[in-house]
Amino acid sequence: MKNNNKKLSLLCLPAFIAMPAFAVDLDHAMPYVLSSILLFSFGALLLAHLSILKMRRYQSRLEQSEERLRLSLWGSGDELWDWNIASGSLYRSSSWQHPVELKPETNQFPPNREQIHPRDIERVTEQLYQHLAGETPYFEAAYRLRASDGGWVWVLDRGKVVSTDAEGVATRMTGTLKNIQLLKQTEERLELFARCLENISDAVVICDTNFIVLEVNHSFSTITGKSREQVIKKPFDLAMYPSRFVQDIGHTLQTTGSWQGEVQDQRINGEVYQAELNFDIVRDDHGVLTQFVAVFSDISERKKREAELSRLANSDTLTGLPNRAMFSAELGRLVEREVKHALLVFDLDNFKKINDSLGHQLGDSLLIKLAERLSQMTRQKERLYRLGGDEFAILLENTNDIHTITTMAKELIKQINQPFFISQHELAVTSSIGIVLYPEDGRDPEALLRNADTAMYHAKSDGANRYLFFNDSMNKLAVKRLQLENLIRHGLKEDFFTVYYQPKMDILSGQLVGMEALVRFITPKRGLISPASFIPVSEETGQIVEIGEVVLRKACLDVKRWIDQGLFHGRVAVNLSVKQFMLPYLCEQIDDVLQQTELPSYHLELEITEGTVMQSPKMAIDTMKKLRARGIHLAMDDFGTGYSSLAYLKQFPLNTLKIDKAFIDDMNTARGRNMVDTIVTIAHNLSLTVVAEGVEQAEQLAQLKQLRCEIIQGYFYSKPLSAADFTQFLLDQKQNKPRLAAVPVSI
């Protein structure tokens, strides 16, 4: 071996000999080469070290991330699972405080099938199949798993396929398992409350603090007839009460926390029922008021039973009428509250003879039939009572009007005088009536009843079959009213009613633009009867309807004649009374009059008072629209003296607004002028023409002109004129003669 090395050295020697310079350079370069190798090695070691540090930091962050994930899952109560579908292995990240027994290796479908509650297996299997088939974006199922203690735990299982093979078949699925046992218990508790709420017989309504309905139960729909959809997100209301009633309930709830009372309401079919209503408040955890809860029950049947018991206690056993105890209580109530009223006490004349001759049984039958007949003619406010034997009483509440009372007395006598047919007997009976008024004829119930009996006995003494007031002056007034009623009836028959006309003048030009037709009652013997006397009586008796038709017909005939003569081209205003306006055939009646008189409808204006239209605004609007459709003008008379609402006023299809004379007379004061100015402004804003009534002075005319009133009516231009005198007035107007002087007259 040594020889070989020597040979090798000898072989290499010539090369070194041949290159002496290179050998020298190599010796010098050797340290640099070694240094480079050392630097390179050090750099490699440094890079390796840095890589190791980087790997360690990455590993640390990964561990931190895993730690956070574990902590997050632990904090949320979720378990992370990873299911290798092909191998059947199931990985779980952690355990619960009450763990379920899930095996890490399972070839069942779904995994750990035997641990799932038997009632939930089919549903879970179906949902898992759907997801694996790609029919759902993710798998989610709530079901029960067997716990380690042998019980059942509700879990929410959520997962998603994360890996598939080349053919798209799912191979791996991951997800979370959440313990929702407490949530399910809470849900079951809420469902229990909901079922109880839904099945109780009382209606329940949950509202927000503005009484907007949030929820109702089934009994609410049963009682009211309204479905849940009809009331949700709508205001809670009681149809038979103003909106203010519910607002007052809200104020009470805010103050005391509860409200209770009995109310009436309407079912959706219009049937009225009674309910016992209780409202309470609901507060949140911070004590803030959040909802109102109403509970009510239908007590209609209970109220009927109570009413029946009350009726039995307060009814006469023979006739069924309220008995003497009920009468005494009602009379005492009226006196205690100082309500004006009239008491009519009456019995049958010679009733004892009927009992003695025909027997008490027939007498009782007579009283029963009498009670039935009289009950049909009395209204709720005119209660009929049996005081005992053959004695009866009627209370007329809130009236001392002589005409109303005498009308009732006459109708009683008329009804009693009609024959009764009982057990093959025709009985003709009469009655005597005593009448007293509170407080004129007594200040306590005993005095009133005593004086009524006295008046009744005086009526019997005067011949029976009549009525008598306890107060003699009242008797005289009743006689006078009866005479006037008969005189009106005679006047209609004999055509004693005529029409006078008062001009309506343009305030700027002084020219005639129309007239108002005014009824006058002139009799051969008594002369002129004041409208203040006969109009109230005719309104009470209903004769005003016939009088109104007479005035309308005569006014249309006169105006048609003046138009044909070329004397007039404006409108005649005719007043409509309340009873006329309420006639169901009013429009047809006016059509007949216009057709018969051949007067074009645009020459007619109908004046209606505030009180008339405000009795039933909706009905009034319908009637007024029908009249306007015929081309008839409409005016509101005596504006400002009634109680009309501006909200309704703008809905009325009016043409004209008439300012009452009372406001014109008050124009000498600043307040009076401001009032007239306000009325004129309202009218103009509603595009209505303004007519001022009762203008008598030049100063009033000047003020009205300044306030931009268009038309005036009153003695300043003319008194009401007969048809003949108005013809002359028209001729004078046509010839531009000066206006008539203001002459006060009684007509």
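This report covers the pockets, cavities and a surface patch of a predicted model.

Local features need pLDDT of at least 70, side-chain atom pairs count only at pLDDT 80 or more, and totals for chains, interfaces and linings use all residues. Residues are numbered from 1 along each chain as its sequence is written, and side-chain values use heavy atoms, without hydrogens and water.

**Pocket and cavity**

In a cavity a 1.4 Å probe fits but cannot get out; a pocket is an open set with protein on both sides within 12 Å along at least five of seven lines. Lining residues have an atom within 4 Å of a point. A volume is the space filled by probe spheres set on the points.

| Space | Volume | Lining by class |
|---|---|---|
| Largest pocket | about 890 Å³ | 14 nonpolar, 11 polar, 10 charged |
| Largest cavity | about 250 Å³ | 14 nonpolar, one polar, three charged |

The largest pocket is lined by 35 residues. Closest to its centre are Glu516, Leu518, Ile535, Asn575 and Asp637. Strand β19 gives the largest share of this lining, five residues.

The whole structure holds three cavities of 30 Å³ or more. The largest cavity has 18 lining residues, with Trp81, Leu90, Pro111, Tyr143 and Asp157 closest to its centre.

**Surface patch**

Met30, Val33, Leu34 and Ile37 make a nonpolar surface patch of about 360 Å². Patch residues have over 30% relative accessible area and no salt bridge, and nonpolar side chains are joined within 5 Å. Ile37 lies in helix α2 (residues 20-76). Ile37 counts as partly exposed because its relative accessibility is 48%, between the limits of 20% for buried and 50% for exposed.

Key: Patches are made of residues with over 30% relative accessible area and no salt bridge: like charges are joined within 9 Å, nonpolar side chains (Val, Leu, Ile, Met, Phe, Trp, Tyr) within 5 Å. Accessible areas come from the Shrake-Rupley method with a 1.4 Å probe; for residues, only the protein chains shown count as cover. A salt bridge is a side-chain nitrogen of Lys or Arg within 4 Å of a carboxyl oxygen of Asp or Glu. Helices (H or I, at least four residues) and strands (E, at least two) are DSSP runs, numbered from the N terminus. Buried means under 20% relative accessible area, exposed over 50%, partly exposed in between (1.4 Å probe, protein chains only). Ala, Val, Leu, Ile, Met, Phe, Trp, Tyr, Cys and Pro count as nonpolar, Asp, Glu, Lys and Arg as charged, and the others, Gly among them, as polar.
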